[in-house]
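Dear colleague,

I am passing on the structure below, together with some notes on what turned up in it. Please read the notes with the coordinates open beside you.

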Amino acid sequence: MTRIVYLNGDWLAEGEAKVSIFDRGYLFADAIYEVTAVLDGKLLDYAGHAARLKRSLGEIGISSPLSDDDMLAVHREIVERNGLREGLIYLQLSRGVADRDFVFEEDMQPTLSLFTQAKSVIDNPKAKTGISVVTLEDQRWKRCDIKTVQLLYPSLAKMEAKRRGADDAWLVADGLVTEASSATAHIVTRDGRLVTRPLGREILPGITRSSVIDLAREAGMPVEERAFTPDEAKSAGEAFITSATNFVLPVVEIDGVPIGTGKPGQAAANLRNLYIESRRRGAI
């Protein structure tokens with residue numbers, strides 16, 4: 001079935017949606033994106049994603065062409081138009097179209113596009129088997145807290161992980177884990193403490209990260225927001241990643257070293273269930 005996509009106020013069949021070759025998102029990766037999960041035809045953690053979108057846009061000086069209410073309405077309408085029950089909405093907002101120049105006008109008209117992808121977010125087989133990761137040097141730019149479309153290095157890192165027989169990469173800077181190629185990295189110590197890197201310019205402020213930390217604390221699980229080394233991760237009781245469409249996904253191997261028992265742990269399973277149950281109840 002042909003998807004219906006949104007582009008600058010128009011609803012179009014996916015094959016009819018065209019963006020100019022002079023768009024700065026294409027020429028300079030001058031654009032912000034967001035991914036919102038959809039479950040039961042409803043939006044998960046939408047308020048967090050909307051707030052992060054506004055923050056990212058503000059950090060690089062792009063204005064949203066839609067009000068908060070209209071942005072929510074577009075998200076709901078694209079779900080309805082595509083009959084999406086489970087999957088995701090991808091949003092991209094670039095600075096707009098202009099002749100190629102490193103200097104840009106302050107009042108450009110942004111390019112806003114959204115599309116849907118059907119995806120099984122609940123019955124993800126990796127939630128039962130876990131994933132393997134390799135550690136790689138973090139070679140991204142210095143503002144990883146802004147959700148830009150500058151994703152070449154994360155893509156290359158994921159491909160390198162695949163070549164090494166792993167599912168993903170954990171990136172390392174100055175001897176400390178920053179995050180996964182497109183997710184937040186977490187470990188659980190052998191005495192049951194959840195450890196994840198604190199917010200800063202080195203990592204994206206993950207919406208699922210924030211939700212899972214809150215759920216862990218509500219469940220009485222000690223949480224430490226601090227950096228950790230690859231060696232500490234390899235000796236941990238459990239490890240997992242969080243992201244908008246993976247929710248909580250166990251990591252069972254790092255650089256060929258089994259984590260804990262080498263199988264998905266109970267803490268990750270509990271947090272995944274808590275996340276799904278709570279976000280399903282609060283979906284809009």
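**Notes on the predicted model**

Ser 211 is buried, with a relative accessible area of 5%, where buried means under 20% relative accessible area with a 1.4 Å probe and protein chains only, exposed over 50%, and partly exposed in between. This is a predicted model, in which local features need pLDDT of at least 70 and side-chain atom pairs count only at pLDDT 80 or more, while totals for chains, interfaces and linings use all residues. Residues are numbered from 1 along each chain as its sequence is written, and side-chain values use heavy atoms, with hydrogens and water left out.

Ser 211 sits in helix H6, residues 207-218; helices (H or I, at least four residues) and strands (E, at least two) are DSSP runs numbered from the N terminus. Leaving aside residues up to four places away in sequence, Ser 211 touches Asp 45, Tyr 275 and Arg 279, a contact being heavy atoms within 4.5 Å.

For the chain as a whole, the secondary structure comes to eight helices and 15 strands. The radius of gyration, taken over C-alpha atoms, is 19 Å, close to the 19 Å that the globule rule (2.2 Å times the number of residues to the power 0.38) gives for 284 residues, so the chain is as compact as a globular protein of that length. Of those 284 residues, 50% count as buried, and residues 24 or more positions apart account for 71% of the contacts with a separation of 6 or more.

A search of the whole structure also found two cavities of 30 Å³ or more. A cavity here is a set of points, on a 1 Å grid over the protein atoms alone, where a 1.4 Å probe fits but cannot get out, and lining residues have an atom within 4 Å of a point; grid points are joined across faces, edges and corners, and a volume is the space filled by probe spheres set on the points.

The largest cavity has a volume of about 40 Å³, and its lining consists of Glu 34, Thr 36, Tyr 46, His 49, Ala 50, Leu 53, Met 71, His 75 and Leu 91. Strand E3 (31-39), helix H2 (46-60) and helix H3 (68-82) are the elements that give two or more residues to this lining, and H2 gives the most, with four residues.

The second largest cavity holds about 30 Å³ of space, and the residues lining it include Gly 237, Pro 250, Ile 259 and Lys 263.

With best regards

Conventions
1 Å grid on protein atoms, 1.4 Å probe; cavity = no way out; pocket = protein on both sides within 12 Å on 5 of 7 lines; lining within 4 Å.
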